[in-house]
Amino acid sequence: MKTVIQTMIILAAGILCLPLMAEEVRQITWKDLVPAHLADVDPVAHLTPDQQDLVGWIMYMLETLPPRSAETEDLYESLDQEMPLLKKYNIDLKQIMERTREIQTAVVKELDGQDVRMPGYLLPLEITDGKVTEFLLVPYVGACIHVPPPPPNQIVHVKLDPEDGLKSGNLFDPVWVTGKIKAKSMVKDLFLIDGSANIDIGYTMQADRVEPYKQ
């Protein structure tokens, strides 16, 4: 009888602990990866919509154009025509770019070592025996395939143990990823159809589970 009672107590204690264990995994969104004091900062909020479009286009061109040379001079023609407008509107492009870079690269150190669950799309980096064991988790489908990629603090480098690898099926479907996250900057070389690109990454995660996204 004593053994039965002890067993019942252990089982009851285990059941009571289940909600506590579940609460240890924090469900987060992509906004949670940006420090709170920067999450709602908009470096171009003071500009008109047309000026915002101008700045956005110039920044995109500066990020994606190859280095300026005699061979690429024609690619800079339209950019050279628009740059004087910045002075006309008294827009400090350097300051905007520096502020934007700060917002895009800042990470939340408090997340280090936390068990989290977050949604996203995966971009395979390593496939072993038909299973994805390493991938980038990104906030929207096709990210990193197109230029420019998401900001570093909106990319998570995820690794899975080989035995837990994800079968490569429809990789464009959203997923939930659960695991231990770290605010750790790194650069990965991503091979694309038309070449390769170095991707700046703000977070890493050792995943315990990857499952189809369901609200």
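## Salt bridges overall

Searching the whole structure turns up 9 salt bridges. Keep in mind that this is a predicted model. As background, side chains of opposite charge can pair when their charged atoms come close.

## Strand 2 and its partners

Let's start with Asp 115, which pairs with Lys 180 in a salt bridge whose closest N and O atoms are 3.3 Å apart. Asp 115 sits in strand 2 (residues 115-128) and Lys 180 in strand 6 (residues 175-182), so this pair ties together parts that are 65 residues apart in sequence. How exposed are the two ends? Lys 180 counts as partly exposed, with 37% relative accessibility. Asp 115 also counts as partly exposed, at 26%.

Strand 2 holds Arg 117 as well, and the partner here is Glu 211 in strand 9 (residues 203-212), so the pair ties together parts 94 residues apart in sequence. Glu 211 has 24% relative accessibility, so it goes down as partly exposed.

## An exposed partner

Now for Lys 31, which forms a salt bridge with Asp 40; the closest N and O atoms are 3.1 Å apart. Is Asp 40 buried or exposed? Asp 40 counts as exposed, because its relative accessibility is 63% and the cut-off for exposed is over 50%.

## A linked trio

Some charged residues join up in a network. Which residues are linked this way? They are Arg 68, Glu 73 and Asp 80, connected by salt bridges.

Technical notes:
Residues are numbered from 1 along each chain as its sequence is written. This is a predicted model: local features need pLDDT of at least 70, side-chain atom pairs count only at pLDDT 80 or more; totals for chains, interfaces and linings use all residues. Side-chain values use heavy atoms; hydrogens and water are left out. A salt bridge is a side-chain nitrogen of Lys or Arg within 4 Å of a carboxyl oxygen of Asp or Glu. Buried means under 20% relative accessible area, exposed over 50%, partly exposed in between (1.4 Å probe, protein chains only). Helices (H or I, at least four residues) and strands (E, at least two) are DSSP runs, numbered from the N terminus.
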